[in-house]
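This report describes a single protein chain for a reader who works with coordinates. Please look at the sequence and the structure before reading on.

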Amino acid sequence: AACHGPRGAGDGPTADSYLDDWGYPIRPRNLQLGMFRAGQESVDLYRTIASGIKGTPMPSYAGAMTAEQIWDLVHFIQSLSD
């Protein structure tokens, strides 16, 4: 919720504070739009959450969440744009 906001709109309290690896401002994705950097399929979202996005502040959650929790998050994210 700190990054993407409580409703996934990319407006969390820290959304304006991120920089990419090159020092350029970068905002969290508005998940409500259903457009994702690494693809729209469930497996694409899973991979993004598990691996993170290189060059951005999006971290890997592989060690912080179980596979089941990541799948739950994938389905929640997909429900935001239905």
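How much space lies in the largest pocket? About 730 Å³ of space lies in the largest pocket, where a pocket is, on a 1 Å grid over the protein atoms alone, an open set of points where a 1.4 Å probe fits, with protein on both sides within 12 Å along at least five of seven lines, and where the volume is the space filled by probe spheres set on points joined across faces, edges and corners.

## Basis of the description

This is a predicted model, in which local features need pLDDT of at least 70 and side-chain atom pairs count only at pLDDT 80 or more, whereas totals for chains, interfaces and linings use all residues. Residues are numbered from 1 along each chain as its sequence is written, and side-chain values use heavy atoms, with hydrogens and water left out.

## The largest pocket

The largest pocket is lined by 31 residues, of which C3, H4, P28, L31 and M58 are the closest to its centre; a lining residue has an atom within 4 Å of a point. The elements that give two or more residues to this lining are α1 and α2, and α2 gives the most, with four residues. Helices here are DSSP runs of H or I with at least four residues, numbered from the N terminus.

By residue class, the lining divides into 22 nonpolar, six polar and three charged residues. In this division Ala, Val, Leu, Ile, Met, Phe, Trp, Tyr, Cys and Pro count as nonpolar, Asp, Glu, Lys and Arg as charged, and the others, Gly among them, as polar.

Helix α1 spans residues 42–51, and its buried residues are D44, L45, T48, I49 and A50; buried means under 20% relative accessible area, computed with a 1.4 Å probe on protein chains only. These buried residues pack against α2, which spans residues 67–80. The largest nonpolar core has eight residues, namely L31, F36, L45, I49, A50, I70, V74 and I77, and α1 and α2 each supply at least two residues of this core. A nonpolar core is a set of buried Ala, Val, Leu, Ile, Met, Phe, Trp, Tyr and Cys residues joined through side-chain atoms within 4.5 Å. In soluble globular proteins, nonpolar side chains tend to be buried together.

V74 lies in helix α2 and counts as buried because its relative accessibility is 0%; leaving out residues up to four places away in sequence, V74 touches S42, L45, Y46 and I49. I77, also found in helix α2, is buried with a relative accessible area of 8%, and, with neighbours within four places in sequence set aside, I77 is in contact with L31, F36, L45 and I49. With residues up to four places away not counted, I70 touches Y46, I49, A50, Y61, A62 and M65.

## The loop between the helices

Where does the chain go after α1, and which residue follows this helix? The helix is followed by G52, whose phi is positive, near 80°, and G52 is found in the loop between α1 and α2. G52 counts as buried because its relative accessibility is 14%, and, not counting residues up to four places away in sequence, G52 touches R47, M58, P59 and S60.

G55 counts as buried because its relative accessibility is 6%, and, with neighbours within four places left aside, G55 is in contact with D20, D21 and W22; G55 and W22 are 33 residues apart in sequence and 7.7 Å apart in space, C-alpha to C-alpha. T56 is buried, with a relative accessible area of 18%, and its side chain reaches the backbone oxygen of I53 at 2.7 Å. Leaving aside neighbours within four places in sequence, T56 is in contact with D21, I26 and R37.

Definitions and conventions. Buried < 20%, exposed > 50% of the residue type's maximum accessible area, 1.4 Å probe, protein only. Contact = heavy atoms within 4.5 Å. Polar contact = N/O pair within 3.5 Å; in protein donor to acceptor, adjacent residues only side chain to side chain.
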